[in-house]
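User: Hi! Could you walk me through this structure with me looking on?
Analyst: Happy to, let's bring it up.
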Amino acid sequence: MAWDADKVRTALIVAATTCSGVLAAFGLLATQRVLIELFAGGPTPDRVRAALPALAWLAAVTMIRGGLGLAVGYALNGLTPRVHLAVERELFENTTGVELRAFDDDGFAEGMERATRGTEAAIELVQNTMNLFAGVVSLLAVIVAVVTIHPLLLAALLVATVSTGYAALRAGHVRFQSYLASSTRRRRQWVLQRLMADRKSAAELRSYGLRGFLLRLYDQVMGAQIGEELRVAQRVTATTSIGAAIGGIALAGVYVLLGMLLVDGEIPLAAAATCVIAVQAAQRALAQVTFQVDRVFSSGQFFNEYIRFLASSAAFLPGKPKPDDADIRPAPDGLTELSLSGVCFHYPDRDRPAVGAVTLTIHAGQTIALVGENGSGKSTLAAMISGLREPTSGELRWNSRPYASWDTDGLRRHIAVAVQDHHQWPFSAATNIAMGDIDTPADSARIEAAACEAAAHDMITELPHGYDTLLDRTFKEGQDLSGGQWQRIAAARAFLRNAPLLIMDEPSSALDPRAEDALFQALRSRQGTKTTILITHRLANITHADQIFVLEHGVVIEAGTHHELMALAGLYQQLFSLQAAGYAANAAASSMSSSLMPPCRAGVTWLDTSASASTSATQRPERQRHRKWAATRRSADAGISPGEASSAESSYQANGANFLCTALRFSAPVGPARRSWLTSWGISSVYR
Ligand SMILES: Nc1ncnc2c1ncn2[C@@H]1O[C@H](COP(=O)(O)OP(=O)(O)OP(=O)(O)O)[C@@H](O)[C@H]1O
Ligand SMILES: [Mg+2]
């Protein structure tokens, strides 16, 4: 790892550490020589003179070792950031490369949390390995010196340090096991920390008075964490204390042994003095080695989590086409036909499929709408069409070839998606839009054209720095946008891509009526030339669609044009009527309040449900037909006598379409039976 990150520095560290170790042995031998000369017989000046060459050696060795230490420090300082960069980059290459489904997997999230800690451990691992290496080299040097003096001393030294080393390793193991066990708790803690300090949650936190609630949760999580840390600290202290006690007793034994050897005349006084120095140096080196072994072991385990995460997340990486796979095509040449046959999608851990056996065909230039209640599977279906999710079963085909036979990136380049939960990228407004086609150099004319299509241009030019305004309030001069303004930016991003297939998932949920109208005008202008898939709950915006697919529990239950579906009087007709009645009721009520209607106690809105883009000459007969139809229904009313309710008609306009609505006003409250009868006729709202 270090070698890959920076070969020169790694080689320098290894060479300098080895030299330093070898010099340590020389240093000890020089010390012994100095002592022998000083303890020899004869006048003091002569003894000092005799010791001078060895002293000069010792000084030189100390100086060189100091220099080498500085060199190692310098090289390490340059090496560790490079190692961190290499490791972290590989992690991000992985997290940005995995398929979307990885983010639905809790194991992936936990693995990522540990892997992030593992990237920091990589630095520690490099530093600790280098320190360990340095420790081993100095230890070897000292061992050579000690063995030269008396081999028995080596055995005694090992006894003195083995127990401490084992205790250190054991403590490291305990700490790591506790770390693994508290992975979920740490993520909870991290989530809570963000919730309490993040800008996005700040307003809601205050308006709902969530401070106490969140702090209590934090106390709970932290209480459990601190309890665990205290337990670990107790176990670690007990283990290391026992190790240190045994080590201390063994070290006392070493000194006793040394004394006995000296008394028995086995070693001279100078050698004994050197030996004390050597024992101390050996103890330092051994302590360093055991300490570093523990650190290498711990950081190695953390780093191992990183390696394990990379290996396990490989399962989420898209299969790369093999070079000899002749079946894989690089990218389609536009779009002629898109078909889905029996496409299903099942989220993990969910009982029911989100999308079940959808079969449909979309032709180039068509505008398609996906409609359905919340959770009916529209976004999931759109994610499969946009190549973000693979179906659990069934097949999607682009130009009659299965999606799998196209290069994934090549295919995705032909699709622009404005996802429902669009991201607010913390970059400038221009970059936010340019990201829609990031592989093409940013061109301000294109960016502005895309912004105009999404009704975002005027809003952006009013920002303090126009298109260059940074859209992140947490930076100096950064600005934030309103929800609807962000939605315009997201739509502009999709328009910029100018792809043969444009998918817009709830693109106008936060837009004001004028912006919504402008956006859908732009989308309508694609019809006939480019393919568009629209997902929206504002059904008046999709009456022009070539095909509307109505989903319920992941299944297409109705399909057809707006008029076909209205005539079908199914779910689409109900949803459309319900929504239109919101406008119609107000329009009819206001027209009635100024009319001849007598005051009454209850009323219902009878929605004619005939909406047309205009009342042109060709459409007029159709509208008359609808009026007649509405009148027929009223006359067929078995329960409403002429005096019981009066009616008024009103038309209103929304999103370029004319709506006609008929209101019935009852002089008596409408009971449940009557109400359900009215509902069965498509009457959408009852008001008082
Ligand atoms: N990542 C996920 N993991 C598990 N279940 C999911 C996930 N995303 C969506 N679902 C479930 O799949 C079903 C379909 O969700 P989907 O988002 O496709 O609905 P939708 O029709 O787009 O709804 P809406 O109108 O609210 O946007 C829902 O029951 C939802 O709870
Ligand atoms: Mg959705």
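Analyst: One term before we start: two residues are in contact if their C-beta atoms, placed from the backbone, lie within 7 Å. Also, this is a predicted model.

User: Thanks! Which residues in H13 meet H15?
Analyst: Arg 446, Ile 447, Ala 450, Ala 451 and Glu 453 in H13 do, and their partners in H15 are Ala 492, Phe 495 and Leu 496.

User: At what angle do H13 and H15 pack?
Analyst: Helix H13 (residues 444-453) and helix H15 (residues 483-497) make an angle of about 125°, and their axes are 8 Å apart. Angles of 65 to 115 degrees count as roughly perpendicular and those over 145 as roughly antiparallel, so H13 and H15 are oblique to each other.

User: Is the crossing left-handed or right-handed?
Analyst: Right-handed, as H13 passes H15.

User: Switching to the sheet: what's the strand order?
Analyst: The order is E2-E1-E4-E5, an open sheet of four strands with antiparallel pairing. Strand E2 (355-363) and strand E5 (401-402) are the edge strands, each pairing on one side only.

User: And how many bridges join E1 to E2?
Analyst: Six, with strand E1 (residues 337-345) running antiparallel to E2. Ser 339 stands opposite Thr 361 in E2.

User: Which helix packs on the sheet?
Analyst: Helix H10 (residues 378-385) does, touching E1, E2 and strand E4 (393-398). The direction of H10 makes about 125° with that of E1.

Note on methods: Residues numbered from 1 in each chain as written. Chains lettered and ligands numbered in written order. Predicted model: local features only at pLDDT ≥ 70, side-chain atom pairs only at ≥ 80, totals over all residues. Pairing = 2+ DSSP bridges. Helix = DSSP H or I, 4+ residues; strand = E, 2+ residues; numbered from the N terminus. Axes fitted to C-alpha atoms, helices over the stretch in contact; angles between N-to-C directions. Parallel < 35°, antiparallel > 145°, perpendicular 65-115°, else oblique. Left-handed = near helix turned anticlockwise from the far one by under 90°.
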